[in-house]
Structure formats: C-alpha cells, structure tokens
Amino acid sequence: MVTKLKPPTSHTALVRRARRMNRELADLYPDAHCELDFTSPLELLVATILSAQCTDKRVNMVTPVLFARYRSAADYASADREDVEKIIMSTGFFRAKTNSIIGLGQALCERHGGEVPNKLSELVKLPGVGRKTANVVLGNAFGVPGITVDTHFGRLAHRFGWTTVDDPVKIETEVGALIPRSEWTMLSHRLIWHGRRVCHSRRPACGACAVAALCPSYGEGPTDPAVAAKLVKPGPFS
Ligand code: SF4
C-alpha cells in the first residue's frame with residue numbers, strides 16, 4: 001500500500017528523490033522518444049512548429065506530404081502560401097504556422113546558409129521558434145541535452161514537488177539543478193510520456209502509477225487500482 005510522502009527535508013533529499021524518480025521512469029519507458037516523425041533537423045523544426053496546439057499523431061499525418069514537397073530551407077522560403085496552408089490545414093492555426101514556416105525558410109537561407117543552427121541563442125531568433133521548440137530540436141536532432149517544458153512536463157514537475165514556479169524558463173532551471181545534464185532530453189521524454197499515459201491533467205491514475213511511492217501528489221487522482229487502471233491510456237500517441 002502506498003502512503004503519502006512527506007516533503008523532503010533538504011535539497012539533497014529532493015535531488016536524491018528526483019533522480020530515483022527519473023530512474024524509475026526510465027525503467028517504465030525504456031523506449032521513450034520524440035513522437036514526431038522526422039529525418040533531419042529541418043524536418044523536426046517544422047514538425048515541432050506544427051505541433052503547437054495539435055497532437056503529434058495529427059502532425060505525423062501531414063508531414064509526409066509536406067516533407068516530400070519541401071525538402072530544403074530554400075523550398076520553404078519560396079513556397080506557395082496556399083499550397084502550404086492546404087497541406088497543414090488540419091493541424092490548426094494553419095495561417096500563422098504557414099507564416100512561421102515560410103519565414104523560417106527565409107531566415108535560415110539569409111542567416112545560416114540554409115542550415116538549422118545548433119545553438120539555443122540562434123534557434124530562438126528564428127520565426128515561430130520558442131525555447132521549447134529549440135530544446136526539442138537541440139535534444140533530438142543534435143544530441144545537445146535540453147529540457148522541454150511543455151504542458152505535461154510543467155504539470156508533472158509540480159506534482160513531483162520539483163518546482164513551485166510557473167515560468168517555463170524557471171522550471172527548466174530548477175529541474176536542471178536536480179537532474180544530471182546528460183539526462184535532460186530523455187527526462188523530458190519520460191515526463192511527457194508519463195503525463196500522456198498515466199499522470200493526466202484532470203484525473204491522474206495514481207492507483208496505477210509506477211512512481212506513486214515517490215510522488216508527493218499521490219492521491220490527487222483515484223488510488224483504487226481497478227479505477228485507476230481504467231484511466232491509463234496505453235498510447236502510442238504518434
Ligand atoms: S499519477 Fe498520481 S502518483 Fe503518479 S505521478 Fe501523477 S500524481 Fe503522482
């Protein structure tokens with residue numbers, strides 16, 4: 001039986017618990033990965049822009065057509081706006097996303113010789129690219145460790161007691177101080193996977209949660225194993 005945890009008595013205790021949770025999640029999701037389909041940094045950058053307010057599954061349905069037609073930054077820079085809008089329409093906010101993608105192609109050609117830069121400071125200056133998108137690309141296309149604070153990551157970091165702040169950059173800093181840098185990208189995948197599958201926003205499946213014994217928010221959702229098991233969404237989400 002799981003009992004509710006007391007808050008850690010020191011920063012060291014918090015670090016120890018956070019690292020243990022990360023290890024347990026690694027065992028639970030050994031194949032956690034970015035659920036967007038891509039074969040190059042440019043494809044991942046475009047797919048991540050399209051994923052705003054949209055599921056990865058939906059994005060993966062439109063990108064094969066988009067990537068077959070637009071293969072380089074120069075292709076996006078000179079793209080026919082209506083054509084792009086038509087292809088990506090089902091991902092929502094398609095006019096704004098089309099602006100971002102065409103602007104992205106132009107900026108890459110003008111400033112980076114058509115290549116995607118591998119530095120956070122340069123990525124965040126590109127149209128449609130915020131810190132979250134930049135960290136996704138750094139971590140998954142360039143192997144540079146990055147923490148991706150999306151809605152799932154932020155929610156779980158709070159529930160785990162890893163942070164009390166809401167600002168994504170501060171969450172990134174606070175969680176980064178708990179977990180070794182080499183683990184940041186995989187940690188992001190694990191929290192996002194757990195958030196999608198078990199630790200849902202409204203009714204987390206606490207009674208079916210593998211990290212319940214380490215989680216200070218155990219009991220926020222149903223603890224009855226049979227009830228909780230029905231809340232678990234097995235995935236895949238791509
Ligand atoms: S499902 Fe419940 S026990 Fe598991 S991480 Fe979320 S809040 Fe904690």
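**Entry 1: a word to start with, and helix H5**

I call a residue buried when its relative accessible area is under 20% and exposed when that area is over 50%. The model I am looking at is a predicted one, and I kept that in mind throughout.

With the word in hand, I went to helix H5, which covers residues 81-88. I found Asp83, Val84, Glu85, Ile87 and Ile88 buried there. What covers them? I noted H2, H3 and H6 among the covering elements.

**Entry 2: helix H2**

Next I looked up H2, residues 41-50. How many of its ten residues are buried? I counted nine, so H2 is mostly covered. They are Leu42, Glu43, Leu44, Leu45, Val46, Ala47, Thr48, Ile49 and Leu50. These buried residues pack against H3, H4, H5, H6 and H8.

I followed the chain into the loop between H2 and H3, where I stopped at Ser51. Is Ser51 buried or exposed? Its relative accessibility is 17%, so I put Ser51 down as buried, the limit being 20%. Its side chain reaches the backbone oxygen of Thr48 at 2.7 Å. Leaving out residues up to four places away in sequence, I saw Ser51 touch Leu36, Asp56 and Val59.

Gln53 sits in this loop between H2 and H3 too. Most residues other than glycine have a negative phi. Gln53 is not a glycine, yet its phi is positive, about 55°.

I came across another such case at Phe93, with a positive phi near 45°. Phe93 lies in the loop between H5 and H6. With a relative accessible area of 56%, Phe93 also counts as exposed.

H3 runs over residues 56-69, 14 residues in all.

Then I listed the buried residues of H3: Asp56, Val59, Asn60, Val62, Thr63, Leu66 and Phe67. An α-helix has 3.6 residues a turn, so residues three or four places apart point the same way. I kept that rule beside the list as I read through it. The cover over these buried residues includes H2, H4, H5 and H11.

**Entry 3: the nonpolar cores**

Nonpolar side chains tend to be buried together in soluble globular proteins, and I went looking for where that happens here. The largest nonpolar core has 35 residues. Which of them touch the most other members? I found Val46 and Leu66. H2, H3, H4, H5, H6 and H8 each supply at least two residues, and H2 gives the largest share, seven residues.

I took a closer look at Leu66. Its contacts, neighbours within four places aside, are Val46, Leu50, Tyr76, Val84, Ile87 and Ile88. Apart from this core lies another, of 34 residues, with Met21, Leu25, Val149 and Cys199 among them.

**Entry 4: aromatic pairs**

How many aromatic pairs does the structure hold? I found three. One of them joins Tyr70 and Tyr76, with 5.5 Å centre to centre and 20° between the planes, and it is stacked. Tyr70 and Tyr76 are both buried.

I also looked at Phe160 and Trp162. Their ring centres are 5.0 Å apart and their planes stand at 70°, so I call this pair edge-to-face, as the angle is over 60 degrees. Phe160 and Trp162 are buried as well.

**Entry 5: Arg155**

My last stop was Arg155, in helix H9, residues 151-159. Its relative accessibility is 14%, so Arg155 counts as buried. Which residues does Arg155 contact, leaving aside neighbours within four places in sequence? I wrote down Gly195, Cys199, His200 and Ser201. Arg155 and Cys199 are 44 residues apart along the chain, while their C-alpha atoms are separated by 8.8 Å.

Methods. Residues numbered from 1 in each chain as written. Predicted model: local features only at pLDDT ≥ 70, side-chain atom pairs only at ≥ 80, totals over all residues. Heavy atoms only, no water. Helix = DSSP H or I, 4+ residues; strand = E, 2+ residues; numbered from the N terminus. Expected span 1.5 Å × (residues − 1). Buried < 20%, exposed > 50% of the residue type's maximum accessible area, 1.4 Å probe, protein only. Contact = heavy atoms within 4.5 Å. Core = buried A, V, L, I, M, F, W, Y, C linked by side-chain atoms within 4.5 Å. Polar contact = N/O pair within 3.5 Å; in protein donor to acceptor, adjacent residues only side chain to side chain. Phe/Tyr/Trp six-rings, centres within 6.5 Å; stacked < 30°, edge-to-face > 60°.
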